[in-house]
Amino acid sequence: MLITELKAKETIASQLGSKVFVIFCHGCKEIRFPEKEADDLLEELTAAGKVTGSITTDYICDPDQLKLRLEKFAAAIEGADTILVASCGVGVQTVASMFESKKVVAACDTYALPGFQGVTPLEHDCKQCGECYLNLTGGICPLTACSKSLVNGQCGGCKDGKCEVDPGMECGWERIQKRLAQIGRLDALKAPIQIRNYATDVNI
Amino acid sequence: MRITELFDNGQFVVTAEVGPPKGIDASHVVEEAKEYLSGITAVNVTDNQSSVMRMGSLPACVMLKNAGLTPILQLTCRDRNRIALQSELLGAAALGIDNILCLTGDHTKMGDHPGAKPVFDLDSVSLLHTVCQLEKGVDLGGNELVGEAPKFAKGAVVSPCSDSVDAQLAKMERKVMAGAEYFQTQAVFDSEKFIQFMEKAKQFGKPVQLGVIIPKSAGMAKFMNKNVAGVHVPQEMIDALAADKERAKAGITGVEIAAKIIKECRPYCQGVHIMALGWEAKVPQLLELAGI
Ligand code: SF4
Ligand code: SF4
């Protein structure tokens with residue numbers, strides 16, 4: 001089970017461009033979604049004239065389903081420079097990999113709750129760490145895509161693009177580097193030094 | 001003596017690396033270092049290198065210091081959380097060890113205890129940041145230290161011949177942001193690549209020591225190409241090592257190759273770091289051939 005909580009308003013605001021498409025995922029039934037806070041946020045953004053469109057849906061971790069649902073929003077998405085996603089980490093990663101040329105911003109931190117998790121995603125994974133890093137990494141989770149769960153960049157163990165620990169796995173930080181270059185966000189690599197807060201990680 | 005003072009004086013800094021034993025008798029490590037490495041600036045002592053369990057870096061550093069050498073304490077984030085790392089740093093400073101090299105560390109799966117829990121509570125960047133905090137008299141939890149704060153020459157590593165050199169440069173920049181004062185590189189066998197790397201790395205304004213391994217044989221070179229990240233020995237060097245087995249066995253070919261790389265790269269870097277991997281006895285000859 002998991003809980004998502006909205007990040008601080010200033011944190012979200014600092015990530016947004018001028019035109020934003022908003023995706024809310026009410027998710028699988030095991031999840032708690034901060035509905036009221038999210039609605040308030042959407043209202044504020046709309047009042048500021050930033051929103052090109054929005055959708056509230058569920059199971060955005062299923063890329064095929066999401067694609068169908070977003071079809072009718074194609075113009076609104078096209079007109080946005082940022083896609084703000086309020087969902088668990090898997091949902092944000094799914095959207096980020098679908099729109100590789102847009103800035104995809106995670107609005108939430110994902111915390112774990114003991115118990116069963118509703119979806120088993122094939123491609124993306126979220127450890128529910130409680131302080132989502134996706135806004136610093138172009139929407140690729142550094143905790144699950146890097147064998148050492150590094151949050152400050154690549155170690156010295158990447159060979160031919162693969163991870164030293166598992167040569168069958170692409171190095172997560174090589175992927176992050178490429179993605180950030182692709183979306184013109186290499187400045188994210190100059191973010192302040194990150195130190196994990198295990199107090200928010202109930203898995204420990 | 002902090003080696004940053006020497007970089008500041010424009011000295012070309014030579015360091016080499018030794019590994020503590022898997023056991024309690026480190027006398028041969030100290031003897032070899034005394035015999036072959038006392039002419040150089042400082043000696044790195046590895047921290048359970050390649051995730052293979054050995055005597056700790058700190059006690060071995062103290063033994064070398066007592067023998068008159070200048071040790072550099074290597075510290076990885078693989079085996080200790082932030083409490084243990086800070087505690088180790090305070091202990092090092094108390095014992096007079098004031099040169100450190102901060103690394104993330106290899107994964108536990110790479111070593112001789114693959115079932116061990118990998119820690120990585122901090123990483124090389126956040127460890128450097130932590131050291132700076134301690135130097136300000138505050139720990140990572142925000143609590144004040146009692147008495148004098150420690151002061152270290154803070155080193156870090158970078159892999160200039162890595163095939164993902166952009167990610168390496170980005171990480172290097174973060175290390176500088178976090179307080180790294182000098183860099184030692186992964187072993188270089190391609191001077192051209194190193195020079196290109198230095199063109200980009202010099203913007204950070206920190207001294208860089210060229211990493212050098214003396215290739216022992218064609219087999220070792222091929223092994224590194226296959227298994228060691230960031231290391232690529234060009235085919236013509238492998239051929240040279242294979243061509244004259246006698247000379248290669250005696251170490252002559254390998255020493256010549258390493259000396260040539262040092263000579264070619266010297267104008268572009270501020271020092272050299274030799275990973276002798278058991279061939280400490282060849283270091284004086286290498287330095288002589290390289291003209292240092
Ligand atoms: S950083 Fe990764 S593990 Fe943490 S909340 Fe985001 S997706 Fe989940
Ligand atoms: S090689 Fe890449 S994925 Fe593997 S531990 Fe290092 S940074 Fe992480």
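D160(A) is found in the loop between β8 and β9 (162–163) of chain A, where helices (H or I, at least four residues) and strands (E, at least two) are DSSP runs numbered from the N terminus. The model is a predicted one, in which local features need pLDDT of at least 70, side-chain atom pairs count only at pLDDT 80 or more, and totals for chains, interfaces and linings use all residues. Residues are numbered from 1 along each chain as its sequence is written, chains are lettered from A and ligands numbered from 1 in the order in which they are written, and side-chain values use heavy atoms, with hydrogens and water left out.

D160(A) is exposed, with a relative accessible area of 61%; buried means under 20% relative accessible area, exposed over 50%, and partly exposed in between (1.4 Å probe, protein chains only). Although D160(A) is not a glycine, its phi is positive, at about 50°. Most residues other than glycine have a negative phi. Q128(A) is another non-glycine residue with a positive phi, near 55°. Q128(A) lies in the loop between β7 (108–112) and α6 of chain A, and at 7% relative accessibility it counts as buried. A further loop, between β2 (20–25) and β3 (31–32) of chain A, holds H26(A), which counts as partly exposed at 30% relative accessibility. From H26(A) to S149(A) the separation is 123 residues in sequence and 28 Å in space, C-alpha to C-alpha.

Chain A as a whole contains 7 helices and 9 strands. Its radius of gyration is 16 Å, close to the 17 Å that the globule rule gives for 204 residues, so chain A is as compact as a globular protein of that length. The radius is taken over C-alpha atoms, and the globule rule is 2.2 Å times the number of residues to the power 0.38. The C-alpha trace of chain A spans about 45 × 40 × 35 Å along its principal axes. Buried residues make up 53% of the 204 residues of the chain. The accessible surface of chain A comes to about 9,100 Å², and 53% of this surface belongs to carbon and sulfur atoms; accessible areas come from the Shrake-Rupley method with a 1.4 Å probe, and for residues only the protein chains shown count as cover. Of the contacts (heavy atoms within 4.5 Å) in chain A with a separation of 6 or more, 67% are between residues 24 or more positions apart.

Helix α7 (residues 172–182) of chain A has G172(A), W173(A), E174(A), I176(A), Q177(A), R179(A) and L180(A) as buried residues. These pack against α5 (89–98), α6 (142–145) and β8 (158–159) of chain A, together with α6 (165–178) of chain B. G184(A) follows α7(A) and has a positive phi, near 65°.

Around ligand 1 are G89(A), Q93(A), T110(A), C126(A), K127(A), Q128(A), C129(A), C132(A), Y133(A), L134(A), C141(A) and L143(A). This shell has 7 nonpolar, 4 polar and 1 charged residues; Ala, Val, Leu, Ile, Met, Phe, Trp, Tyr, Cys and Pro count as nonpolar, Asp, Glu, Lys and Arg as charged, and the others, Gly among them, as polar. The residues around ligand 2 include C146(A), C155(A), C158(A), C163(A) and C171(A), as well as G172(A) and W173(A). The shell around ligand 2 divides into 6 nonpolar, 4 polar and 2 charged residues.

The largest nonpolar core has 86 residues, and those with the most contacts inside it are L37(B), F189(B), L210(B), I274(B) and L286(B). Helix α11 (residues 252–265) of chain B gives the largest share of this core, 7 residues. Apart from this core lies another, of 26 residues, among them F21(A), I60(A), V92(A) and V104(A). A nonpolar core is a set of buried Ala, Val, Leu, Ile, Met, Phe, Trp, Tyr and Cys residues joined through side-chain atoms within 4.5 Å. Not counting residues up to four places away in sequence, L286(B) touches V212(B), I214(B), V255(B), A258(B), A259(B), I262(B) and I274(B).

In chain B, I40(B) lies in the loop between α2 and β2 and is buried, with a relative accessible area of 12%. Leaving aside neighbours within four places in sequence, I40(B) is in contact with V14(B), T15(B), A16(B) and L287(B). T41(B) is found in the loop between α2 (27–37) and β2 (42–45) of chain B and counts as buried at 15% relative accessibility.

Methods
Near = heavy atom within 4 Å.
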